[in-house]
Amino acid sequence: MAVPMGKVSKRRSRSRAAHHALAPRNLRPCARCAHRGPAHRVCENCGHYRGREVIHKGD
Ligand SMILES: [Zn+2]
């Protein structure tokens, strides 16, 4: 049920917001270059995934 803004105290809304913090991202080091990034993704540093070059980086 909707509650008017002024009827919810600062303490109540801030206490509720105490649960809204973002969890830290789970970053894993790349097997090839040890660059830390999300698991199950192409490495943004060297462009490799599972030992294969997917994106050509550099020249
Ligand atoms: Zn890499």
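A residue is called buried when its relative accessible area is under 20%, exposed when it is over 50%, and partly exposed in between (1.4 Å probe, protein chains only). The structure is a predicted model in which local features need pLDDT of at least 70 and side-chain atom pairs count only at pLDDT 80 or more, while totals for chains, interfaces and linings use all residues. Residues are numbered from 1 along each chain as its sequence is written, and side-chain values use heavy atoms, with hydrogens and water left out.

**View 1**
Histidine 48 belongs to strand β3; helices (H or I, at least four residues) and strands (E, at least two) are DSSP runs, numbered from the N terminus. Histidine 48 is classed as buried because its relative accessibility is 14%. Its side chain forms a polar contact of 3.4 Å with the side chain of arginine 32. A polar contact is a pair of N or O atoms within 3.5 Å; within protein, one atom must be able to donate a hydrogen and the other to accept it, and residues adjacent in sequence count only if both atoms are side-chain atoms. The histidine 48 side chain also reaches the backbone oxygen of cysteine 46, at 3.1 Å. When residues up to four places away in sequence are not counted, histidine 48 touches Arg32, Val42, Cys43, Glu53 and Val54, where contact means heavy atoms within 4.5 Å.

**View 1. A nonpolar surface patch that includes tyrosine 49.**
Val42, Tyr49, Val54 and Ile55 make a nonpolar surface patch of about 290 Å². Patches are made of residues with over 30% relative accessible area and no salt bridge; like charges are joined within 9 Å, and nonpolar side chains (Val, Leu, Ile, Met, Phe, Trp, Tyr) within 5 Å. A salt bridge is a side-chain nitrogen of Lys or Arg within 4 Å of a carboxyl oxygen of Asp or Glu. Accessible areas come from the Shrake-Rupley method with a 1.4 Å probe, and for residues only the protein chains shown count as cover. Tyrosine 49 lies in strand β3, which spans residues 48–49. Tyrosine 49 is counted as partly exposed because its relative accessible area is 31%.

Cysteine 30 is buried, at 15% relative accessibility. Cysteine 46 is likewise buried, with a relative accessible area of 8%. The count of disulfides is zero under the rule that a disulfide is a pair of cysteine sulfur atoms within 2.5 Å.

**View 2. Glutamate 44 in the loop between β2 and β3.**
Glutamate 44 is found in the loop between β2 and β3. With 56% relative accessibility, glutamate 44 counts as exposed. The side chains of glutamate 44 and histidine 35 are joined by a polar contact of 3.3 Å. Setting aside residues up to four places away in sequence, glutamate 44 touches His35 and Lys57. Glutamate 44 and histidine 56 are 12 residues apart along the chain, and their C-alpha atoms are separated by 10 Å.

Most residues other than glycine have a negative phi. Alanine 34 has a positive phi, near 65°, and lies in the loop between β1 (27–29) and β2 (36–38). Histidine 40 also has a positive phi, near 60°; the place of this residue is the loop between β2 and β3. Histidine 40 is exposed, with 67% relative accessible area.

**View 3. Asparagine 26 in the loop between α1 and β1.**
Asparagine 26 lies in the loop between α1 and β1 and is exposed, its relative accessible area being 55%. Apart from neighbours within four places in sequence, asparagine 26 is in contact with Gly37, Pro38 and Ala39. From asparagine 26 to arginine 14, 12 residues apart in sequence, the C-alpha to C-alpha separation is 27 Å.

Valine 8 is located in the segment before α1 (10–17) and counts as partly exposed at 22% relative accessibility. Beyond its neighbours within four places in sequence, valine 8 is in contact with Val3, Ser13 and Arg16. Valine 3 is found in the segment before α1 and is exposed, with a relative accessible area of 53%. Valine 3 and arginine 52 are 49 residues apart in sequence and 55 Å apart in space, C-alpha to C-alpha.
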